Amino acid sequence: MKLPKIIGISGTNGAGKDTLGELLAERCGYKFVSVSDILREELTKQEIPHEREHLGNLSTKWAREHGPGVLSAKTIEAYQAEEEAEGYKGLAVGSIRRPAEAKIIQEEGGIVFWVDADQQTRYKRLQSGNRNRATDRLSFDEWVFEENREMNPATDDPTVLNMAATRDVCDVKIMNNFSSQAKYRAYLISEFEL
């Protein structure tokens with residue numbers, strides 16, 4: 001598969017989005033940026049804990065102030081400003097959580113991947129991942145509740161997180177129920193010629 005210069009990565013928590021982004025960086029020379037990291041940096045500046053609720057609130061605030069595709073647009077703009085100086089071959093934008101963010105990438109000639117896996121599998125991955133994120137310390141029931149709220153919001157407001165609608169506009173869908181990260185990486189390398 002010939003990869004475009006800009007790739008968006010969306011999907012559920014613990015499904016393997018970062019692994020895909022890291023492979024694009026390691027093997028294809030892409031710069032990998034997670035929009036969640038941008039939000040975490042801002043929360044740190046404001047001395048606010050990195051809990052899922054705070055991440056979502058900040059993301060929604062920025063979307064209301066600057067439009068629902070703001071995180072993708074800002075990430076692409078920053079990349080294009082430094083692209084030549086840094087020597088990257090492309091940009092991988094991780095943690096896309098709104099349809100408008102995916103559409104910004106598609107309008108730039110990019111594609112968006114959706115990565116998913118069974119809920120129990122993903123929860124176990126997050127618990128054993130040592131990522132040190134507040135969202136990874138929730139009970140399974142709390143975690144499922146939070147995920148369902150992001151997947152199917154009770155509003156059609158385009159500025160709130162809407163994972164199900166984002167999934168529906170993605171170009172490539174991957175199920176990562178592989179028994180190990182090595183098997184998942186091997187699949188990605190083979191299937192997408194990374």
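How many helices and how many strands are there in the protein? There are nine helices and five strands. The model you are viewing is predicted.

**Whole chain.** Start with everything selected. From the N terminus, the elements run β-α-β-α-α-α-β-α-β-α-α-α-β-α. The C-alpha trace spans about 40 × 40 × 30 Å along its principal axes. For 194 residues, a compact globule would have a radius of gyration near 16 Å, and the protein agrees with 16 Å. Buried residues make up 47% of the 194. Take the contacts with a separation of 6 or more: 73% of them join residues 24 or more positions apart.

**Helix H1.** Select residues 17-28. Now color the buried residues of H1: Lys17, Thr19, Leu20, Gly21, Leu23, Leu24 and Cys28. What covers them? Show strands E1 (6-11), E2 (30-34), E3 (90-96) and E4 (111-116), plus helix H9 (181-192); the cover includes these elements. Then step to glycine 29, which follows H1 and has a positive phi, near 75°.

**Helices H2 and H3.** Select residues 35-45 for H2 and 52-66 for H3. Their axes come within 10 Å and cross at roughly 100°. That angle makes H2 roughly perpendicular to H3. Show side chains at the contact. H2 brings Ser36, Ile38, Leu39, Arg40, Glu42 and Leu43. H3 brings His54, Leu55, Leu58, Ser59 and Trp62. Color by type: six of the contact residues are nonpolar, three polar and two charged.

Key:
Residues are numbered from 1 along each chain as its sequence is written. This is a predicted model: local features need pLDDT of at least 70, side-chain atom pairs count only at pLDDT 80 or more; totals for chains, interfaces and linings use all residues. Side-chain values use heavy atoms; hydrogens and water are left out. Axes are lines fitted to C-alpha atoms, for helices over the stretch in contact, and angles run from 0 to 180 degrees between N-to-C directions. Helices (H or I, at least four residues) and strands (E, at least two) are DSSP runs, numbered from the N terminus. Angles under 35 degrees count as roughly parallel, over 145 as roughly antiparallel, 65 to 115 as roughly perpendicular and the rest as oblique. Contact means heavy atoms within 4.5 Å. Ala, Val, Leu, Ile, Met, Phe, Trp, Tyr, Cys and Pro count as nonpolar, Asp, Glu, Lys and Arg as charged, and the others, Gly among them, as polar. The expected span of a helix is 1.5 Å times one less than its number of residues. Buried means under 20% relative accessible area, exposed over 50%, partly exposed in between (1.4 Å probe, protein chains only). The radius of gyration is taken over C-alpha atoms; the globule rule is 2.2 Å times the number of residues to the power 0.38.
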